[in-house]
Amino acid sequence: MNVIFAVIFLLSSLLFLFFDANGFLSALLSGAEKAAVLSVSLLFVYCVWLGFFKVMENSGLSKKLSSRLFPLSKKLFRSNDREALLYASENLSANLLGLPGAPTPLGIRAAERFCAEKNDYAADMLFVLNATSLQLLPTTVLSLRLSAGSASPADILLPTLICTLFSTLLGAVLLRLCYLKKLRAGQKR
Amino acid sequence: MTLSRIAALLVPLLFVAVFVYALCKKVKLYDSFTAGVKEAIPLAVSLFPYLAAILMLSELFEQSGLSSALTRMLAPVFSALGIPAEITKLVLLKPFSGSGSTALLSELLSAYGADSYIARCACVAYGSSETVFYISAVYFSSAKKKRLFLPAAISLLSNFLAVVLGCLLCRVL
């Protein structure tokens with residue numbers, strides 16, 4: 001992240017320096033403004049979902065769900081931290097259902113615990129699964145197409161599903177390949 | 001559209017089902033819900049610096065002309081891979097900014113017509129990729145983990161190949 005930030009920041013700044021020195025500060029300011037607006041709208045989303053998740057937790061539903069998903073998520077993430085695995089599987093379910101904003105707080109908690117466990121593989125797997133967008137129903141695209149007057153808004157569903165499955169599987173397999181040696185060494189130990 | 005109606009039902013159904021279940025388990029709904037909401041403000045505050053940095057970066061990226069220069073440079077490469085030149089910018093912007101690429105998608109939809117080949121490619125490209133940099137900034141904001149290069153590179157590559165596949169599928173299907 002540090003490298004990407006430095007490279008893009010400096011390249012863009014140089015372009016501003018040569019072509020449009022006045023635009024530089026206003027671009028930064030408008031970025032910050034967007035961040036403030038986004039944070040507030042995220043706050044609304046978190047209020048709703050964190051309240052909901054707490055009710056789910058206190059009712060024991062989260063525990064039930066996690067023990068159902070435990071064998072599967074254990075294999076996927078190779079972690080023994082039950083709580084982390086619970087958050088991770090809830091995060092993936094929220095992603096699959098396309099609940100807007102709901103996966104983020106769950107993903108953050110899972111990432112925290114995976115990192116505390118020093119389980120790089122699990123943290124990276126969580127990242128890849130989230131960043132390759134595992135989604136059954138692309139709700140944003142559907143509503144945009146509907147409002148743009150599409151005759152058949154749903155005809156992108158099948159290709160999108162195939163592609164998102166493809167990217168998620170490819171990402172997971174590539175990551176597994178990269179960790180193959182480390183994981184084997186870990187098993188021997 | 002039956003599908004979008006089902007999608008609309010999903011969230012209220014989920015809430016009703018979980019709350020009824022919680023009531024059966026004698027959970028104090030009001031107390032639990034407010035305890036959860038309490039965590040929302042610290043979370044939003046802790047994310048703010050990362051959001052600010054990433055959004056300033058994406059604003060610089062776009063307004064400096066770097067993104068359009070890259071678009072021009074990469075368009076021939078992209079079209080050799082079967083990605084229409086018109087959606088090159090969308091593919092480049094998506095990893096940085098969700099709202100920016102949503103705006104761009106709706107521009108493309110109205111410019112070319114929602115059912116055109118380009119618009120359908122754009123929809124698939126949008127739907128099958130994800131805001132990779134945003135996720136790397138936000139998800140690992142509180143975790144002490146510095147090396148995210150590997151998963152980020154893998155995600156970007158997988159998403160890109162998925163876009164190539166998507167444009168191919170849009171031509172066939």
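**Starting from one leucine**

Guide: A:Leu174 lies in helix α8 of chain A, helices being DSSP runs of H or I with at least four residues and strands runs of E with at least two, numbered from the N terminus. This is a predicted model, in which local features need pLDDT of at least 70 and side-chain atom pairs count only at pLDDT 80 or more, while totals for chains, interfaces and linings use all residues. Residues are numbered from 1 along each chain as its sequence is written, and chains are lettered from A and ligands numbered from 1 in the order in which they are written.

Visitor: What does A:Leu174 count as, and why?
Guide: A:Leu174 counts as partly exposed because it has 18 C-beta neighbours inside 10 Å; a residue is buried with 20 or more other C-beta atoms within 10 Å of its own, exposed with 12 or fewer, and partly exposed in between, the C-beta atoms being placed from the backbone.

Visitor: Which residues is A:Leu174 in contact with, leaving aside its neighbours within four places in sequence?
Guide: Those are B:Ile154 and B:Ser158, where contact is taken as C-beta atoms, placed from the backbone, lying within 7 Å. A:Val128 is 46 residues from A:Leu174 in sequence, and their C-alpha atoms are 9.8 Å apart in space.

Visitor: And how many residues of chain A are in contact with chain B?
Guide: 82 residues of chain A are in contact with 81 residues of chain B. On the chain A side, α1 (2-19), α2 (23-58), α5 (103-116), α6 (120-131), α7 and α8 (157-188) each supply at least two residues, and α2(A) gives the most, with 22 residues. That side of chain A divides into 53 nonpolar, 24 polar and 5 charged residues, with Ala, Val, Leu, Ile, Met, Phe, Trp, Tyr, Cys and Pro counted as nonpolar, Asp, Glu, Lys and Arg as charged, and the others, Gly among them, as polar.

Visitor: Switching to domains, how is chain A divided?
Guide: Chain A has domain 1 (1-59) and domain 2 (60-189), with bounds that come from an automatic or database domain assignment. Their C-alpha centres lie 23 Å apart, and 8 residues of domain 1 of chain A are in contact with 7 residues of domain 2 of chain A.

Visitor: Now chain B: how many helices and strands?
Guide: Chain B has 9 helices and 0 strands. The radius of gyration of chain B is 20 Å, well over the 16 Å that the globule rule gives for 173 residues, so chain B is more spread out than a compact globule; the radius is taken over C-alpha atoms, and the rule is 2.2 Å times the number of residues to the power 0.38. The C-alpha trace of chain B spans about 60 × 45 × 25 Å along its principal axes, and buried residues make up 46% of the chain.

Visitor: Which residues of α6(B) are buried?
Guide: They are B:Gly100, B:Ser101, B:Leu104, B:Leu105, B:Leu108 and B:Leu109. Their cover includes α7 (139-147) of chain A, together with α3 (40-63), α5 (88-93) and α7 (117-128) of chain B. As background, an α-helix has 3.6 residues a turn, so residues three or four places apart point the same way.

Visitor: What comes just after α6(B)?
Guide: B:Gly113 does, and this glycine takes a positive phi of about 90°.

Definitions and conventions: Contact = placed C-beta atoms within 7 Å.
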